[in-house]
Amino acid sequence: QVQLVESGGGLVQAGGSLRLSCAASGSIFSIITMGWYRQVPGKQRELVADITSAGITKYADSVKDRFTVSRDNAKNTVYLQMDSLQPQDTAVYYCYARIYSSSWRDYWGQGTQVTVSS
């Protein structure tokens, strides 16, 4: 059993900051990639940022220079520091990880709401 548990969402004013955390637990042998997607009603889930076990990062163009993804491999935890938040960043944010337990597969967190007021 593998679980991803997120924390850190909430309500913030435009220009503010939030930090999301996601910890993976359970029968984990290896994690390649951890990251964050987001989704608003009526739209597809989109990649926000991810990071490999080697520290290679990837960002959506809309969040570059505002969001920072990082990772603590010893704790199987990924973070998303979100600065200069804008109302269009409002979404449910989902953590994901590609994990080897009994086989390689993608795991998802339950989602955390981020709301940015103007």
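Predicted model: local features only at pLDDT ≥ 70, side-chain atom pairs only at ≥ 80, totals over all residues.
Reader: Why is D89 called buried?

Author: A residue counts as buried when its relative accessible area is under 20%. D89 has a relative accessible area of 1%, so the word buried applies to D89. D89 is placed in the loop between β8 (77–82) and β9 (91–100).

Reader: What makes D89 and R66 a salt bridge?

Author: The rule asks for a side-chain nitrogen of Lys or Arg within 4 Å of a carboxyl oxygen of Asp or Glu. D89 lies in the loop between β8 and β9 and R66 in the loop between β6 (57–59) and β7 (67–72), so their pairing ties together parts that are 23 residues apart in sequence. R66 is buried, as is D89. Both belong to a network of salt bridges that also links R38 and E46.

Reader: How do you know that the side chain of D89 makes a polar contact with Q86?

Author: A polar contact requires N or O atoms within 3.5 Å. The side chain of D89 reaches the backbone nitrogen of Q86 at 2.8 Å, so this pair lies within the cut-off.

Reader: Why is the pair of Y37 and Y96 called edge-to-face?

Author: Two aromatic rings pair if their centres lie within 6.5 Å, and planes over 60 degrees apart count as edge-to-face. The rings of Y37 and Y96 are 5.2 Å apart, centre to centre, with 75° between the planes. Y37 lies in strand β4 and Y96 in strand β9, so the pair ties together parts that are 59 residues apart in sequence. Y37 is partly exposed at 22%, whereas Y96 is buried at 9%.

Reader: What makes F29 exposed?

Author: The relative accessible area of F29 is 63%, and exposed means over 50%, so F29 is exposed. F29 is in the loop between β3 (18–26) and β4 (30–39). Together with I32, Y100 and W104, F29 makes a nonpolar surface patch of about 430 Å². F29, Y100 and W104 also form one aromatic cluster.

Note on methods:
Residues numbered from 1 in each chain as written. Heavy atoms only, no water. Patch = residues over 30% accessible without salt bridge, like charges linked within 9 Å, V, L, I, M, F, W, Y side chains within 5 Å. Areas by Shrake-Rupley, 256 points an atom, 1.4 Å probe, with all protein chains shown as cover. Helix = DSSP H or I, 4+ residues; strand = E, 2+ residues; numbered from the N terminus. Buried < 20%, exposed > 50% of the residue type's maximum accessible area, 1.4 Å probe, protein only. Polar contact = N/O pair within 3.5 Å; in protein donor to acceptor, adjacent residues only side chain to side chain. Phe/Tyr/Trp six-rings, centres within 6.5 Å; stacked < 30°, edge-to-face > 60°.
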